[in-house]
Every structure is written in C-alpha cells, then in structure tokens.
Protein chains: 2
Amino acid sequence: MTTRIGLLLFPDLTQLDLTGPLEVFSRMPDAEVSLLWKSREPVASDRGLVMLPTAGFAECAGLDIICVPGGPGQIALMEDTEVLDFLRRIAPGCSLVTSVCTGSLVLGAAGLLTGYRATCHWSSLDQLALFGATPVAERVVRDRNRITGAGVTSGIDFALAVVAEVLGEEAAREVQLQIEYDPAPPFDSGSPRSAGPELLERVSARIAPFIARRRAASEAAARRLG
Amino acid sequence: MTTRIGLLLFPDLTQLDLTGPLEVFSRMPDAEVSLLWKSREPVASDRGLVMLPTAGFAECAGLDIICVPGGPGQIALMEDTEVLDFLRRIAPGCSLVTSVCTGSLVLGAAGLLTGYRATCHWSSLDQLALFGATPVAERVVRDRNRITGAGVTSGIDFALAVVAEVLGEEAAREVQLQIEYDPAPPFDSGSPRSAGPELLERVSARIAPFIARRRAASEAAARRLG
C-alpha cells in the first residue's frame with residue numbers, strides 16, 4: 001500500500017519547515033511524496049532557496065497525508081481562496097491532516113482545526129485560538145487525525161512521529177538512524193522556556209511588527225471563516 | 001564585515017545535509033550565503049527535491065566559509081577534477097573549511113583533510129582514514145580551521161557551532177530560538193550506539209553494497225591523491 005504524502009511548497013515559506021519532514025518522508029518505505037503548488041514554476045523560499053514543485057493542485061487527485069509548512073508566505077496563503085479551497089477539497093480524504101510551524105494557521109484559516117488541539121511556532125501559537133483551535137505549547141501535538149509540529153526544526157520530530165503512526169515504530173527508528181538524528185545542540189536556547197527572558201525579549205521585540213501583521217491577517221481570515 | 005558562505009549544491013546530494021545548515025546560515029547577521037555548482041541549472045537531490053544554485057564556480061571569487069554536504073552524489077564528486085580544483089582554489093582563502101555527512105570524503109579527496117581529525121556519516125566514517133584524516137565518532141569535530149559534521153541532521157548542530165565561532169554564542173543562541181531547535185526525537189535510535197545491534201545490523205546489511213561502492217571510489221580517489 002503506497003502512502004501518498006503531499007507537502008505544500010509555496011512562495012516565502014521557511015524552507016526547513018518543508019525540507020526536514022521531506023527528508024524523513026522520502027525515506028519512508030512505499031511512500032510517494034509530492035511537492036504541491038498552483039503550478040510547477042520554481043518557488044522561492046523566504047531566504048532565497050528556490051525549489052521546484054513536483055505537481056500542480058489540479059494534478060493531485062487525492063492524498064493520504066497533507067502537510068502544510070510555515071513561514072512568512074503563510075500570511076498570503078490565509079487569504080488565498082485557491083489554496084484554501086485545495087486544502088478543503090483534499091483534507092476529507094486524508095488519513096492525516098498535518099502542519100509544521102505556522103502552517104497550522106493556514107489549516108486554521110481553511111477551517112480544518114476548529115475544535116482541535118494544535119501547535120505552531122512559539123511566536124504565533126496564541127493565534128490558533130482565533131480559528132477555534134486550542135493552542136498547545138508542545139513540540140508535536142496530535143488530536144484525532146490532526147498532527148501539528150511547532151517551529152521549524154520540530155518538523156523532523158513531527159515527521160518521525162508520522163512515520164511511526166503509519167508504519168510503526170521500527171520503521172521510524174530506521175529512518176532516524178539513516179539520518180543520524182541524535183541531536184546535540186551546542187546551546188540550550190531552542191524554546192522560550194530555555195532561552196531565558198533576555199534573549200526571548202530581544203527576539204520578540206525585533207519580530208513584533210511582523211507578528212502583528214500576521215495577527216491582523218489571522219483575524220481577517222477568522223472573520224471570513226465566520 | 002560580511003561573512004561569505006558557500007555551500008556546494010551538487011546532483012544526488014542528500015538535501016537535508018544542505019538545507020539544515022542553510023536555514024541556520026541564512027539567519028546569521030551579515031552573512032551572504034551562496035549555493036554553488038558548475039552552472040545555475042537546476043540540481044536534483046538524491047530523493048527528488050530539485051533546487052537552483054545561486055552562482056556558478058566561475059562567479060565565485062572567494063569565500064570565508066566553504067561547506068560541502070554529502071549524499072550518494074558525493075561519489076561522483078571525488079573523481080570530478082572541476083569540483084576538486086574548485087575546492088583547492090577556494091579553501092586556502094577560507095577562514096573555515098567545512099563539511100556535513102559524507103561531504104568530508106570530498107574534502108578528503110581534494111587533499112584538504114590530510115592530517116586533520118574529522119567526522120562523517122556513521123556508515124562511512126572509517127573511510128576518512130584513506131585520505132590521511134583521523135576519523136572521530138562525534139557529532140561535530142573541529143581541528144584547527146576544519147569543522148566537520150556527522151550524518152545528515154548533524155548539519156544543524158554543526159551550523160550553530162559555526163555561527164558561534166564566527167559571531168559568538170549569543171548570535172547562535174538567537175538563531176536557535178528562531179528555528180525553535182529544542183529537539184525531542186520520539187525515539188532514541190539516531191546513532192549506532194543508541195540504535196542497538198539488531199537495527200544497526202539490518203540497516204548496515206541493506207546499505208552494504210552502496211557503502212562498498214563508496215569505499216572503492218574513496219580508495220581510487222586516495223590513490224590519485226598519492
């Protein structure tokens with residue numbers, strides 16, 4: 001049985017939100033992974049990496065797993081009816097509806113997280129509540145068939161959890177060994193809790209204007225959702 | 001002072017070897033990151049992701065940091081004089097000469113690790129000795145201005161160590177918070193030590209023919225090096 005996995009590849013995404021899970025999924029036995037966008041034209045991520053989609057929305061007949069990564073371009077997605085309609089068309093046939101980082105806000109804008117527990121990048125976690133979701137400050141959150149990952153690098157933990165869900169723990173452990181995922185960060189500042197108040201304040205202050213813009217877009221998307 | 005960082009983007013590379021460090025480096029203040037290949041034509045990774053280089057070798061006048069990722073395509077690189085000559089031209093002007101995963105074998109084939117301690121993906125670590133390097137089973141290994149990372153995901157730990165080296169610990173800690181790098185693997189099987197003998201044996205047996213092919217290529221490259 002082939003597992004059909006589709007990752008959304010959109011302009012100004014944060015590339016590691018996608019490439020982390022992609023590395024894991026592409027090593028999953030019997031998986032067929034596609035990178036989906038409106039067309040197959042090259043797509044530029046938020047910091048310059050240009051990647052090619054493998055299929056347009058129209059070519060995608062159905063999926064077992066849909067995954068929406070995040071990044072600054074997620075703001076435009078929340079008001080893009082072509083994208084939201086695609087997600088609403090595909091999601092009901094999926095056994096797992098998933099996201100990494102602020103991709104969960106796009107699922108929220110499509111009405112796909114209403115009544116679900118979910119997570120997001122720490123900077124924007126609270127915005128999930130605008131879509132009727134319950135924000136959970138954990139690295140990977142599962143609620144029924146929704147699995148959401150927190151910020152950027154959590155996509156690797158998330159994807160291993162998905163492999164375990166679909167094929168069992170042994171398959172996930174094998175991929176983990178292949179990609180030598182035995183993390184040893186040189187510092188301990190990867191979460192708001194561990195970063196300490198000074199660093200958290202400095203980063204938060206710098207990104208505050210952008211987060212406010214994201215919030216306005218989330219509020220508008222939530223209003224359209226009704 | 002701009003830090004000019006170049007990552008080699010070559011056919012059949014393992015994309016996360018490159019995209020992990022790229023996400024870190026592209027968030028480094030005053031860094032100018034380029035993806036280098038022979039031309040700007042699209043390059044396909046080992047499992048399908050197609051990416052665009054940002055500059056050809058001829059456009060690259062000099063770098064502060066060169067980084068060579070790994071992956072199956074590394075075998076072809078070890079006998080590609082255009083690539084080896086580029087590395088030999090660029091490396092002497094770099095303050096850091098680096099690699100992730102089996103990229104260290106390419107540095108070795110270029111004669112750039114002779115007499116250095118270095119690391120590599122666990123499956124191929126011992127092959128470093130063919131190039132006169134001392135294999136070290138650690139996640140990130142530094143010897144003078146050589147910094148090498150172990151398999152695939154170690155590129156994230158590696159890149160944070162590089163940021164700390166260039167700009168100091170606070171800058172690295174800030175990037176770590178941005179990418180929410182607070183890893184929590186669902187399983188503990190990311191290294192040969194933690195995977196346990198059964199899983200290690202199964203994965204090793206399956207990749208044995210490929211590792212033998214890599215070894216033959218490393219031996220040939222070492223002979224050419226003299």
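Analyst: A salt bridge is a side-chain nitrogen of Lys or Arg within 4 Å of a carboxyl oxygen of Asp or Glu. Between chain B and chain A the count is six salt bridges. In one of them, the side chains of Arg202(B) and Glu174(A) meet at 3.4 Å, N to O. This is a predicted model, in which local features need pLDDT of at least 70 and side-chain atom pairs count only at pLDDT 80 or more, while totals for chains, interfaces and linings use all residues. Residues are numbered from 1 along each chain as its sequence is written, chains are lettered from A in the order in which they are written, and side-chain values use heavy atoms, with hydrogens and water left out.

User: How is the size of an interface expressed, and what is the area buried between chain B and chain A?

Analyst: The size of an interface is often given as the accessible area lost when the parts come together. Buried area is that loss, found with a 1.4 Å probe and summed over both parts. Here about 5400 Å² is buried between chain B and chain A, and carbon and sulfur atoms give 57% of this area. Leu177(B), Glu180(B) and Phe187(B) supply 15% of the area that chain B buries against chain A, more than any other three residues.

User: How many residues of each chain are in contact?

Analyst: Contact means heavy atoms within 4.5 Å. By that rule, 57 residues of chain B touch 57 residues of chain A.

User: How is the packing of two helices described, and at what angle do H6 of chain A and H8 of chain B pack?

Analyst: Two packed helices are described by the angle between their axes and the distance between the axes. Axes are lines fitted to C-alpha atoms, for helices over the stretch in contact, and angles run from 0 to 180 degrees between N-to-C directions. Helices are DSSP runs (H or I, at least four residues), numbered from the N terminus. Helix H6 (residues 169-178) of chain A and helix H8 (residues 197-225) of chain B pack at about 65°, with their axes 10 Å apart. On H6(A), the contact is made by Glu170(A), Arg173(A), Glu174(A), Leu177(A) and Gln178(A); on H8(B), by Leu199(B), Leu200(B), Arg202(B), Val203(B) and Arg206(B).

User: What are the angle and the axis distance for H8(A) and H6(B)?

Analyst: H8(A) and H6(B) pack at an angle of about 65°, and their axes are 10 Å apart. Among the residues that meet there are Arg202(A) in H8(A) and Glu174(B) in H6(B).

Methods:
Buried area is the accessible area (1.4 Å probe) that two parts lose on being put together, summed over both.
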